[in-house]
Structures are given as structure tokens and as C-alpha cells.
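Here is a short briefing on one protein chain.

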Amino acid sequence: MGMVVVISLPFILFTILIGFGCFFFGRAKGRQDLRTNPQVFGVPTPPPGTCVTANNFKQDNTSNIV
């Protein structure tokens, strides 16, 4: 036996209204966040307590010559 699912028209309209509300609220919130906290792209800072050395680059082939 199959089940019949009945969804009323007010429920459909309410769902569409909630969807538009969330869309516009999220867009406004994202624009506000972009104005107050701009994204900064760059090298991330190392975690505290790590030893930062200046000699952490890859050696070239001339350093292997005896």
C-alpha cells in the first residue's frame, strides 16, 4: 500500500518565504562581515612555541660535492 503525502499551499508559500529570508539575511551578513573583517591572504603565522630557523630552505646540488 502506498502512502499519500499531502503538502498544503500555505506550507509551500511559508517555506519559500523562509528561503528568501535566509538568503537575503545571509547576503547582508556576509557583506557586513566583508566590510568589518576583510580577508587577508598571506603566509600563516606559525603556532606558538615552534622554533623558527632561517636555514630551512632546500639545499642545491653543489652542497653534495665532496
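The notes below cover the fold, the surface and the aromatic contacts.

This is a predicted model: local features need pLDDT of at least 70, side-chain atom pairs need 80 or more, and totals for chains, interfaces and linings use all residues. Numbering runs from 1 along each chain as its sequence is written, and side-chain values use heavy atoms, without hydrogens or water.

**Fold**
- Ile 7 sits in the segment before α1 (9-36).

**Surface**
- Of the 66 residues, 0% are buried (under 20% relative accessible area; exposed is over 50%, partly exposed in between, 1.4 Å probe, protein chains only).
- The chain exposes about 7,000 Å², with 68% from carbon and sulfur atoms (Shrake-Rupley method, 1.4 Å probe).

**Aromatic contacts**
- There are two aromatic pairs (ring centres within 6.5 Å; planes under 30 degrees apart are stacked, over 60 edge-to-face, the rest tilted).
- Phe 20 and Phe 24 are stacked, at 6.3 Å centre to centre and 15° between the planes.
- These two, Phe 20 and Phe 24, are four residues apart in helix α1, so about one helical turn separates them.
- Phe 23 and Phe 24 pair edge-to-face, because their centres are 5.1 Å apart and their planes are at 70°.
- Phe 20, Phe 23 and Phe 24 form one aromatic cluster.
- Phe 24 is partly exposed at 42% relative accessibility; Phe 23 is partly exposed at 48%.

Key. Phe/Tyr/Trp six-rings, centres within 6.5 Å; stacked < 30°, edge-to-face > 60°.
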